[in-house]
Amino acid sequence: MLVRRAKKKNPDSFVVVTGCLAQDRPEETAALPGVDLVVGNTEKSQLLRKIFQSYPDGQGLSGRPPSPTAFPLSPWIGGISRFDGHQRATLKVQEGCNFGCSFCLIPRVRGEMVSRPVPEIVEEAKRLARNGVRELVLAGIQLSSYGRDWGLKAGEPRLAPVVEKLLGLSGIQRVRLSSYAVADFEDALLPLWKSKSGLCAHLHLPLQSGDEGVLRAMRRPYSLDHYRATVEKVRESAPEVGITSDLIAGFPGETAEAFGNTLERIREFGFVDFHPFPYSDRPGTPGEKMPPKVPPAVIRERMNRLLDLKGECLARSAQRALGKEYSVVVERNEKSLQAGLSEEGLRMVFPEREGWLGREARVKVTGIRRGAAWAQWV
Ligand code: SF4
């Protein structure tokens, strides 16, 4: 649909499709009307070269032959320099995954884990800071495994020294971790939370299921005990860290009892918030062939129960935040409203103010609306 829209808007456009779909189903993607070039994830470092070579006259979009130095060979394609008008930017530090969860396509379409070299990360962060970015969100497919491909052990500092370096850069006030995993958890992060170094007190720790049998069928690289021990370790060291999570409803073989265990674990772990997802088969994954499938109506019903519980979690978190002030980067929300994420991972909604999108604002939580924290500008 996006391809069609791009071509309709600009019939002369040269449409390149890249990413997981391009990697997994290149022929099918190339056959979509309007697609000029398909570049899989494994060839992304060659993206610019391929665009220039494939452009009709072989000379590139400018009409001039490209210079031989025009194409960076780094798999990180030189990174990015600006998120115009935005004070928060995502900085990719890791790619790929060596685990093999039975519902996930990522290892197939993104390949093995690769950690981005520290000097490259720092260079990109400096560029972003020069362009007004104040908060960096470190992202990766398997962020907790950062540095393991260099032979560093799970117990050794790997990402923590990078976070410290970034926090030492002029202009950078906060660093946030995107989705992080129990597997390969890095203890060296604990003192950074404890000392309020500028590492956001927020940990997104996907659980996916609160039932041991389902976790095993999912081939998740941890047990419930391992997950519980990690949560306890974080809470003991830095109680203010807000933990959020992801949960899947209706994985094959998930019985009513197993789903009940998930609801119990959500209550036990006291998530600030969590994202529920309905299970659906990803073609070619082991999960696709796993019996028995949970009927769609049951998945819908379980999703509704998860959504109700999410509302309870949010309302409890909002209650705790009542009367407190937060600095948040302003994001889009429904019409006439904007939203922001607290350092601890609580999403709050407030009336829209023009010109503030992407900028840092100070807001105060004044109530609870539709189960979420409702805030006012300070
Ligand atoms: S750890 Fe995450 S990325 Fe890796 S296979 Fe499992 S779900 Fe996919």
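1. Does Gly19 count as buried, exposed or partly exposed, and how many C-beta neighbours does it have inside 10 Å? The model is a predicted one, and in it Gly19 counts as partly exposed because 15 C-beta neighbours lie inside 10 Å. The residue belongs to strand 1, which covers residues 16-19. Its C-alpha atom is separated by 33 Å from that of Val241, a residue 222 positions away along the chain.

2. On domains, the assignment for the chain gives three: domain 1 spans 2-54, domain 2 spans 88-318 and domain 3 spans 325-377. Taken over C-alpha atoms, the centres of domain 2 and domain 3 are 23 Å apart.

3. The buried residues of helix 12 include Ile299, Arg302, Leu306 and Cys313. Leu314, Ser317, Ala318 and Ala321 are also among the buried residues of this helix. The elements covering these buried residues include strand 9, helix 11 (256-269) and strand 10 (273-278). Strand 15 (360-369) and strand 16 (372-377) are likewise included in that cover. Just after helix 12, Gly323 adopts a positive phi of about 85 degrees.

4. The next point concerns strands 13 and 14. Strand 13 (residues 337-341) and strand 14 (residues 347-351) run antiparallel and are joined by five bridges. Gln338 has Phe350 of strand 14 as its bridge partner.

5. Strand 15 takes part in two antiparallel pairings, to be read together. With strand 11 (residues 325-329), strand 15 is joined by five bridges in an antiparallel arrangement; Val328 has Ala361 of strand 15 as its bridge partner. With strand 16, strand 15 pairs in the antiparallel sense over six bridges, and Val365 is partnered by Ala375 of strand 16. Strands 15 and 16 form a hairpin with two residues between them, and in its turn Arg370 has a positive phi of about 45 degrees.

6. Which residues surround the ligand? They are Cys97, Phe99, Gly100, Cys101, Cys104, Ile106, Pro107, Ile141 and Gln142. Sorted by class, this shell holds seven nonpolar and two polar residues, with no charged residue.

7. Asp184, which is not a glycine, has a positive phi of about 65 degrees. Asp184 sits in the loop between strand 7 (174-177) and helix 8 (190-194). Why does Asp184 count as buried? Asp184 does so because 24 C-beta neighbours lie inside 10 Å, against a threshold of 20 or more.

8. Gln208 is a further residue other than glycine with a positive phi, in this case near 70 degrees. Gln208 lies in the loop between strand 8 and helix 9 (212-218). It is buried, since 22 other C-beta atoms are within 10 Å.

9. A cis peptide bond is found from Pro291 to Pro292, with omega near -15 degrees. Pro292 is placed in the loop between strand 10 and helix 12.

Key. Residues numbered from 1 in each chain as written. Predicted model: local features only at pLDDT ≥ 70, side-chain atom pairs only at ≥ 80, totals over all residues. Near = placed C-beta within 6 Å. Nonpolar A, V, L, I, M, F, W, Y, C, P; charged D, E, K, R; others polar. Domains from an automatic or database assignment. Buried ≥ 20, exposed ≤ 12 C-beta atoms within 10 Å, placed from the backbone. Helix = DSSP H or I, 4+ residues; strand = E, 2+ residues; numbered from the N terminus. Contact = placed C-beta atoms within 7 Å. Pairing = 2+ DSSP bridges.
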